[in-house]
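Please examine the sequence and structure shown here before reading the notes on its pockets and surface.

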Amino acid sequence: MKKLKYLPLLLIFLVVSCSSVNVYNDYDKKVDFTQFKTFAFYKPGVDKVEISDLDKKRILKSIEAEMLAKGFTKSENPDLLVNFFTKSREQVDVNAFNNSWGYGYGYGWNPYIWGGNRTTVRTTTQGTLFIDLIDAKKKEMVWQGEGQGEIFKNQKNKEERIGEFVKEILKQYPPQKK
């Protein structure tokens with residue numbers, strides 16, 4: 001009975017761990033990131049992204065909100081240009097489970113074993129969002145963040161998930177000097 005007490009906690013842990021975003025970043029170690037105060041979107045790059053216009057708007061809105069929350073100002077003459085691009089792939093997970101039971105000994109056919117095999121197949125879409133920050137004066141990329149995780153098709157979860165991706169990626173900007 002004690003083991004059942006922890007079951008809800010385990011289920012919550014599993015749900016949270018399945019919805020995480022794995023994030024990575026890379027940056028130019030010679031750049032002083034404190035000099036950047038303003039930003040704008042790099043329109044030629046954003047226009048090339050091959051996703052729906054609705055998803056583009058969601059990503060742009062999320063990036064803008066995060067940049068403003070970090071104290072940046074949107075500007076016509078920016079210090080940083082923000083670009084992004086996406087990748088996705090289908091992932092298929094196959095789980096084969098043998099739930100046979102019975103009694104007997106040895107290998108081979110046994111008339112005293114009951115049950116059978118159960119195979120489940122789960123298909124998910126794994127997405128990657130890259131956010132590039134470009135020094136507007138030098139036209140050089142100074143920082144890139146990447147987020148990977150499961151993406152959803154339904155509209156309600158999609159907006160929340162995009163926000164989660166962007167927030168987790170930009171949480172790593174500016175990079176901490178070591």
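Predicted model: local features only at pLDDT ≥ 70, side-chain atom pairs only at ≥ 80, totals over all residues.

Residues are numbered from 1 along each chain as its sequence is written, and side-chain values use heavy atoms, with hydrogens and water left out.

**Largest pocket**
- The largest pocket has a volume of about 390 Å³; a pocket is an open set of points on a 1 Å grid over the protein atoms alone, where a 1.4 Å probe fits, with protein on both sides within 12 Å along at least five of seven lines.
- Its lining holds 18 residues, a lining residue being one with an atom within 4 Å of a point.
- I51, D55, T86, I151 and I162 lie nearest the centre of the largest pocket.
- This lining comprises 7 nonpolar, 5 polar and 6 charged residues.

**Second largest pocket**
- The second largest pocket contains about 220 Å³ of space.
- Among the 15 residues lining the second largest pocket, R89, Q91, Q126, G149 and E150 are the closest to its centre.
- The lining of the second largest pocket has 1 nonpolar, 10 polar and 4 charged residues.
- Strand 7 gives the most to this lining, with 5 residues; strands are DSSP runs (E, at least two residues) numbered from the N terminus.

**Position of V121**
- V121 is located in strand 7 (residues 117-135).
- V121 counts as exposed because its relative accessibility is 56%, and exposed means over 50% relative accessible area with a 1.4 Å probe, protein chains only.

Methods
Helix = DSSP H or I, 4+ residues; strand = E, 2+ residues; numbered from the N terminus. Buried < 20%, exposed > 50% of the residue type's maximum accessible area, 1.4 Å probe, protein only. Points joined across faces, edges and corners; volume = space filled by probe spheres on them. Nonpolar A, V, L, I, M, F, W, Y, C, P; charged D, E, K, R; others polar.
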